[in-house]
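The sequence and structure come before the details.

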Amino acid sequence: MTTVDDLARLTAGADMHSTHSGAALGVRALRLVDGPMGVTGGRLDERDIALLTPCATALAATWDDALVREVGGLLGEEAAEYGVDILLGPNLNLTRSPLSGRSFEHFGEDPRLAGALGAAWIEGLQSKGVAACAKHLVCNDSETDRHRLDVRVDGQTLHEVYLAPFEAAARAGVWTMMAAYNKVGGVHCAEHPGLLDEVLRRTWRWDGVVMSDWFGTHSTTASLTAGLDLEMPGPARQLGARAADAVRAGEATRERLEVTAARLAELSRRTAVKADPRRAPRAARELLRRAAADAFVLLKNDRSLLPLPSLTDGGTLAVVGPGAADPVLQGGTFARVSLDPRVRTPLEALRAEAGAGRIRHEQGTEARDRVPPLAPLSPVAADDPTQPGFTVTYHRLAADGTPSAPLFRDVRNTHLVVWFTELPGIGALDELPSEESALVRASCLLTPARTGTYDFRIAGTGSVTLRVDGESVGTGGSRALPADVMGALLRGEVTRVPVELTAGRQVRIEVEMRLGGGRRAHGLSFGGRAPVPDGLLDRAVRAARESDTAVVFAGVTQDSSLESQDRTSLALPADQEELIRRVCEANPRTVVVVNAPYAVDMPWADKAAAVLLTWFAGQEYGPAVADVLLGRSEPGGRLPVTLALRDADHGALSTAPDGDGRLAYPEGLLTGYRHFDRHGIRPRHAFGHGLGYADIRWRSARLSPGTAGDTATVSATLRCHGDRAGKEVVQVYLAPLDAGRETPAGRPEQQLAGFATARLAPGEERCVEVGLDPRAFSEWSERGWAVREGCWEIRIARSSRDVFQRFAVYVDAEGRLLPGPGAAPADGPGRA
Ligand code: BGC
């Protein structure tokens, strides 16, 4: 007989990354690790190497569901091999503001695109027997004060925009979802009956498991009755034993726990058989290289500067900018993946592909990271100089503060060490006294290459001291126990410690943190950089002037995309902007490659001949960018976000909640490009924009009644001229029209309703079809979804601002197309 305690035990995780088993109930202990860019080891340990895929914004830029499904499948194979049951992704929140710290994890700003590609990713992953987790339900579209954040959004916007990608995930059969940290309408998502019960269960009839975000469960009875199945991580704080108490107190029912147990049993069955075998490493790398190139958006290409003809003709190329040799490939979240050290940078790939002799490299300026990694300074472990990195030792502290002999020793080579729930050699963090009772010491030997001021940085969740040759030179860290434990580990205060060092004279560097227990996690971060050599910028400018062509690798810093923190600016670092300007002045044949996963400002764009936006493109970024610059691959991306001319042009920019934690979404349905369209604002580059190299021409378009439940089918006939194969994305936008051809009040002027991607061989002609479902013609109200009967304009387009043809139609209340006036010429809203 299963007891209430047996059932209740299943409602909370066992530890940071696993759940409890209940053999009699058919429930296995499940292993969950963070995603979505890769399969993290769950330990934040640089030794857990995994594949790194393009970020979701990059995947969205491919507009290719088949490709995204393949990438999901690749992750599924790797997760299966690592014994993972649930990979914590995709992130289906939307890029409401480009300042959102985690926007690189979003599939852009449009709910249809995000829903379609998120669903494809889920299908790919789950086809390998690994559960996806659609997160974070819902409106976790920004990070500031995310635990207190209380999003105020109207019901129509909530359903039509922010819930829509989750609904697509539910329809695709996602096996789990994660409730967001924030509140919606005053109630935390993890205990929101309107969302978890009403929407997920009753309206969508979805049968998967809902878990809380990490440390995001705030109550016992309210969470249970709203429909939360699993408190994460374990050990239990609100559910588990407390759930059993709630049943005994008559506040919740045994049946409620049985339902959760049944859902977990179903999840155990679904994930029981995993993919086997995994594809060969080479095939995995090829897929990631193809996906990266397919995501790059060629924003402009004056006089067809790209692909670079000068190299194939024996010309010379100046490769400048910090991102050439040190690109930023991912955000600073818990889902960071450690890369195979053989991964090639853009500079290495260009040298290999184009011939090293043709390339002149100059850094131009330094990357400015919050905590620059020490690895480039070649530290070696203090007690074993044959090993790169640091010796890390763990000690207990006596009452007078004296450390014990080391209780555990390790060698690490990272700038962030995090401990969840326990300290090696010491034990559970929960059980350590809360006053300073343990000490972690990281020590290395460093032989400076230059004489001058080294800029060291320290941060941590205890008291941190930096010592050079035994002498204390700086202190930092913070001992406060923050509400946002996960966030504090990643973005705590950093102290700068300048230290004079002499070239060739070896020093011993020690970073020590004294810490207390009674908490769930600790972290220590340390790094630094060598003195910046003089004349970097001038040398880069000279190299550009003296070469046939220049490529500037500019971009964001390693810490511009953080969990639990939004950005304050969309500008690239000022010194990189200056580098771009100076190089463009020195050489009119300059390509700027922008390594940024969000809509950065490009005030210099008019000066550059070509601009290629490359996002966070995954581990094969280097080879892929060389392929595209040299013309071996097509830049396949189209913008999944709008690029504005000025920050103030964005419909929603600030992500700062008011004093009560409230964040209003006053733009309603007018998110992203809908705001630009409705208010007649010219973007720098419109949603959907992107150029290719191939000469693909649109010949004709047709509208026909839909098949298989669709309202309509739109098709375009494309032809690939010339000798290059290429890619085209056929986009379809719907514009509701009242009598008099006006857009109804509050509605977007147009919105994306469907798309299809075509790859054409030279000389090929192809008809590409896009089906439009009745939902695309529907609006949400308190009564639910209903087709908006009336006139619509169907626009078949290359981007949201580049319409090839329009069809005026009438759609009845059943979502059927009635004969309308037919095709109209493409006379607006103008070409991008
Ligand atoms: C993030 C989630 C993540 C979880 C587990 C949280 O801080 O918001 O996206 O899956 O940590 O690492």
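Ala708 counts as exposed because its relative accessibility is 82% (buried is under 20% relative accessible area, exposed over 50% and partly exposed in between, with a 1.4 Å probe and protein chains only). The residue is found in the loop between strand 32 (695-705) and strand 33 (712-721), where helices (H or I, at least four residues) and strands (E, at least two) are DSSP runs numbered from the N terminus. Although Ala708 is not a glycine, its phi is positive, at about 50 degrees.

This is a predicted model, in which local features need pLDDT of at least 70 and side-chain atom pairs count only at pLDDT 80 or more, while totals for chains, interfaces and linings use all residues. Residues are numbered from 1 along each chain as its sequence is written, and side-chain values use heavy atoms, with hydrogens and water left out.

**Backbone and loops**

Most residues other than glycine have a negative phi, and most peptide bonds are trans. Ser378 also has a positive phi, near 55 degrees. Ser378 lies in the loop between strand 13 (359-362) and strand 14 (380-381), and is exposed because its relative accessible area is 52%.

The bond from Asp276 to Pro277 has omega near -10 degrees, and Pro277 lies in the loop between helix 10 (254-270) and helix 11 (281-295). For the cis bond that joins Leu306 and Pro307, omega is about -5 degrees; Pro307 is found in the loop between strand 11 (297-301) and helix 12 (309-312).

Pro433 is placed in the loop between strand 20 (427-428) and strand 21 (438-446). It counts as partly exposed because its relative accessibility is 37%. Its C-alpha atom is separated by 9.6 Å from that of Arg519, 86 residues apart along the chain.

**Ligand site**

There are 13 residues around the ligand, and Asp34, Arg102, His136, Asp213 and Glu563 come nearest (a residue is near a molecule or strand if one of its heavy atoms lies within 4 Å of it). By class, this shell has six nonpolar residues, one polar and six charged. Here Ala, Val, Leu, Ile, Met, Phe, Trp, Tyr, Cys and Pro count as nonpolar, Asp, Glu, Lys and Arg as charged, and the others, Gly among them, as polar.

| Residue | Distance to a ligand oxygen atom |
|---|---|
| Asp34 | 2.6 Å |
| Arg102 | 2.6 Å |
| Asp213 | 2.7 Å |

On its own the ligand has 310 Å² of accessible area, and the protein covers 99% of it (areas come from the Shrake-Rupley method with a 1.4 Å probe; for residues, only the protein chains shown count as cover).

Glu563, one of the residues that come nearest the ligand, is joined to Arg146 by a side-chain polar contact of 3.3 Å. A polar contact is a pair of N or O atoms within 3.5 Å; within protein, one must be able to donate a hydrogen and the other to accept it, and residues adjacent in sequence count only if both atoms are side-chain atoms. Arg146 lies in the loop between strand 5 (131-137) and strand 6 (150-152) and is buried because its relative accessible area is 1%.

**Pocket and cavities**

On a 1 Å grid over the protein atoms alone, a cavity is a set of points where a 1.4 Å probe fits but cannot get out, and a pocket is an open set with protein on both sides within 12 Å along at least five of seven lines; lining residues have an atom within 4 Å of a point. Grid points are joined across faces, edges and corners, and a volume is the space filled by probe spheres set on the points.

The second largest pocket holds about 730 Å³ of space. Its lining has 38 residues, and Arg112, Ala116, Arg171, Ala753 and Asp773 lie nearest the centre. By class, the lining has 20 nonpolar, six polar and twelve charged residues. Elements that each supply at least two lining residues include helix 4 (111-126) and strand 35 (751-760).

The structure holds six cavities of 30 Å³ or more. The largest cavity, of about 130 Å³, is lined by 17 residues, with Thr95, Arg96, Pro98, Glu109 and His650 nearest its centre. The lining of the largest cavity divides into seven nonpolar, seven polar and three charged residues.
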